[in-house]
Amino acid sequence: MQKCENCKAQFSWSKIYKSFWWNYKPIKCSECGTIHKITIAGRFIFVSLTILPMLIFGNFLSPFSNIIVTLGIAIFILIIGSLFPPFLVTYKESL
Ligand SMILES: [Zn+2]
């Protein structure tokens, strides 16, 4: 998982997770205050694990004709998918 590029302090999962839902809000290191911004690759990883599977399911794979059920499962996929990106997404020190 992402560490501070300046002081190597470990960012918490929840801190990274929250950053996604605040439009990839930059993460400030709690130890040294260095600001880190998500990389382009990081955004791509997040989208491909969350929005993409949700849309694919919603548009092509849903076995349910009920829109509410489809929507519910799509949101479930979004939530499950969003649990993993904090381990994979990279941030870069912002100057
Ligand atoms: Zn730091």
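Mentor: Let us begin with one residue and its surroundings, bearing in mind that this is a predicted model. Leaving aside its neighbours within four places in sequence, Thr70 is in contact with Phe57, Gly58, Ser62 and Phe64.

Trainee: In which helix does Thr70 lie?

Mentor: Thr70 belongs to helix α4, which covers residues 67-81.

Trainee: Is Thr70 buried or exposed?

Mentor: The general idea is to compare the relative accessible area with a cut-off: buried means under 20%, and exposed means over 50%. Thr70 has a relative accessibility of 8%, so it counts as buried.

Trainee: Which backbone oxygen lies 3.0 Å from a polar atom of the side chain of Thr70?

Mentor: That backbone oxygen is the one of Asn66.

Trainee: What do Cys7 and Cys29 tie together?

Mentor: Cys7 is in the segment before α1 (13-21), while Cys29 is in the loop between β1 (27-28) and β2 (35-38); the pair therefore ties together parts that are 22 residues apart in sequence. Cys7 is partly exposed, with a relative accessible area of 32%, whereas Cys29 counts as buried at 4% relative accessibility.

Trainee: How does one read the geometry of such a site?

Mentor: One looks at the angles at the metal. For four tetrahedral donors the ideal angle is 109.5 degrees.

Trainee: My last topic is the backbone. What should I know about phi?

Mentor: Most residues other than glycine have a negative phi. In this model, Lys8 has a positive phi of about 65° although it is not a glycine. Asn23, also not a glycine, has a positive phi of about 55°.

Trainee: Where are Lys8 and Asn23 found?

Mentor: Lys8 is in the segment before α1, and Asn23 is in the loop between α1 and β1.

Trainee: What are the relative accessibility values of Lys8 and Asn23?

Mentor: Lys8 has a relative accessible area of 54% and is exposed. Asn23 counts as exposed as well, at 63% relative accessibility.

Note on methods. Residues are numbered from 1 along each chain as its sequence is written. This is a predicted model: local features need pLDDT of at least 70, side-chain atom pairs count only at pLDDT 80 or more; totals for chains, interfaces and linings use all residues. Side-chain values use heavy atoms; hydrogens and water are left out. Helices (H or I, at least four residues) and strands (E, at least two) are DSSP runs, numbered from the N terminus. Buried means under 20% relative accessible area, exposed over 50%, partly exposed in between (1.4 Å probe, protein chains only). A polar contact is a pair of N or O atoms within 3.5 Å; within protein, one must be able to donate a hydrogen and the other to accept it, and residues adjacent in sequence count only if both atoms are side-chain atoms. Contact means heavy atoms within 4.5 Å.
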